[in-house]
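Have the viewer open while you read.

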Amino acid sequence: MTKTKLGIYQAIAMVVTVMISHIILNLPNHLLSETGPSTILNLIYIFVITFVIFYAVTKVFELFPNQDIIDICEYTSGKTVKNIFSIGIIVYLLIISAFVIRIFAGSLVLIYFPNIDIGIVILIFIAITAILNIFGLKTISRSALIILPVILITMVTIFVSSGSDFVYQRAFPILGYGAYETFILGLGNIFAFSSLFIIELIPPLLGESKDLKKIAIVSLIVYGIYLILGVIALLFLFPSITEISNTLSIYILARRVNFGDFIQRIDAVFILIWIISIFSYLSIVMYFILNTFKKITNIKHKKPMVFCFCSILFVISMIPSNISNIRFFENTFYRYASIIFVFFICSAILITGYIKKKRELKKGENSLEKAS
Amino acid sequence: MYGDQDELRVSFQISIPSQNTSEGGSSSDSNDTVIDTIDCSSVESGISLANSFVSKKLNLAHCKAIVISEEIAESGVAEIVYTLTNNIDVRPDCNVIISRSTAYDFLSNSKSEIESITAKYYEIIASSSRYTGYTSNITLSDVFNGIDDTFGEASAILGSVTESNKSVQDLSINNDTISGETTANLGDSSQASSKIDVVGLAVFKNDRLVRRINCY
């Protein structure tokens, strides 16, 4: 049986779907609450930093064709560290996706299904995640490829339709709470790009390993543009969004979308599209969780494990008892764990791998010279 | 307005759903309405109390207008506006009307004979500003933004109830001048009728009503 390999568009769709799902949740709102009116400037600054970091990451992966960060970890530090790191990846992805599903299901219950238990809604999401993972990578990547353009269109629609109500003065003062808060403390907003971490797990799935750089750059640019658009829309429409938003901030924008007197209240359509995008997000993340687990245990078939991890996902997502627990998670774990895990631990592994590989190559060259 | 014992008196004008089921329309497509009034400590508790004695759950998703009495507006509307903005049911395009009389009086007098759909009626009286220029189509999100903005102030639609003893036999809209105010006759056509007029703007400083702008 031949292994399914991802094309460049499928890979981009998978990465961007994972990243953009965080915009659908409350990410722009969190960024605004940290840096206020200077968020646009802050995001451009952070985008440049992230671009440099991930450009460097793709350079490292050029030395390790068809290998992901777990393979690089094994290469640099051995099997034990690899296993610990892999468990870290699984825990990180499980917790993040569990809270994503919880936040989204909670908002869905709040908006449309006040009489339905949140557990049932989460169960539906997890059931579909399991089904998609049973069908495999081809189904997951293709569904991401289909849904992504639709998500992007909805976001542009929201942005364009709310454009007439923009109050541009809200961008001022341009430095928000101050230069120090924007450029030094605001560096913490780099967590917004942490979902690009998926890039480091994707190389073995690619048909052409040299495509990784293109995938990373395109995904980052697309995500960066949409994140900045989301922040602009929220900033220009609401004077103090943090005070009103207990639900999906982008939904609050979607509620304002009207096209004349004929097309009104189309937020239900947007919600439907976002539900599908969350299905896609969960299935992609679950795929990488299973893939990582397979790497640790060397199991032949990972499909039976789908139900185990889906059950764990369900349990974790049911842990927060109320909205304040979720907010606490968003403001602490998601922010700091993402920065530590993605930008420190993973970078340290890649830097170590790069140095070791370079030394080996140099040694090889020297020995060849000696031999000649 | 302030209730006898509690801080607020909240009135709900609700379409009677049973009148519509046979006709196949939704509850908001009704001319028959009932007004329930509750004395309560806050808008949120008013909604909860209303749910406790109305046989169906109140859904504010089709709420077209929020009427606040002048008396409350003068003492500050921030709490009410924040509560309603945070309520996921209430849509941001719902109009805010500051009534010179009590909200109950305004609602009980706002009966249209030429527009059979109650929800549509409220939509029209606000959007009529597009061709009359006598007021502005101000929504809940506009008021919320106005209250919170650092470079602007809030305003709302100004509404009032006017009395007329004139009997009107036909259903045409009469533009009468009563006590120097132009009013659209939207009241009962066969007997002494109360009417509402929606002309002018209520102007706020922070969240308190400070001025009324009429159209003359």
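## Aromatic pairs

Over all chains, the count of aromatic pairs comes to 24. Keep in mind that this is a predicted model.

Let's pick out one of them: Tyr45(A) and Phe183(A). Their planes stand at 90° with ring centres 5.0 Å apart, so this pair is edge-to-face. Tyr45(A) sits in helix α3 (residues 39-63) of chain A and Phe183(A) in helix α7 (residues 179-183) of chain A, so the pair ties together parts that are 138 residues apart in sequence.

Now for a pair within one helix. Phe51(A) and Tyr55(A) are stacked, with 6.5 Å from centre to centre and 15° between the planes. They are four residues apart in helix α3 of chain A, so about one helical turn separates them. Phe51(A) is partly exposed with a relative accessible area of 27%, and Tyr55(A) is partly exposed as well, with 35%.

## Where the chains meet

On to the interface. Chain A brings 20 residues to the contact and chain B brings 19. Between them the two chains bury about 1,700 Å², with 44% of that on carbon and sulfur atoms. Which residues of chain B lose the most area to chain A? They are Ile88(B), Arg91(B) and Phe151(B), which together make up 36% of what the chain B side buries.

The rule finds two salt bridges across the interface of chain B and chain A. One of them joins Asp149(B) to Arg170(A), with the closest N and O atoms 2.9 Å apart.

Which helices of chain B supply at least two residues each to the side that touches chain A? Those are α4 (78-86) and α8 (140-148). The largest share, four residues, comes from α8(B). By residue type, the side of chain B that touches chain A divides into seven nonpolar, six polar and six charged residues.

How values were computed. Residues numbered from 1 in each chain as written. Chains lettered and ligands numbered in written order. Predicted model: local features only at pLDDT ≥ 70, side-chain atom pairs only at ≥ 80, totals over all residues. Heavy atoms only, no water. Contact = heavy atoms within 4.5 Å. Buried area = accessible area lost by both parts, 1.4 Å probe. Salt bridge = Lys/Arg side-chain N within 4 Å of Asp/Glu carboxyl O. Nonpolar A, V, L, I, M, F, W, Y, C, P; charged D, E, K, R; others polar. Phe/Tyr/Trp six-rings, centres within 6.5 Å; stacked < 30°, edge-to-face > 60°. Buried < 20%, exposed > 50% of the residue type's maximum accessible area, 1.4 Å probe, protein only.
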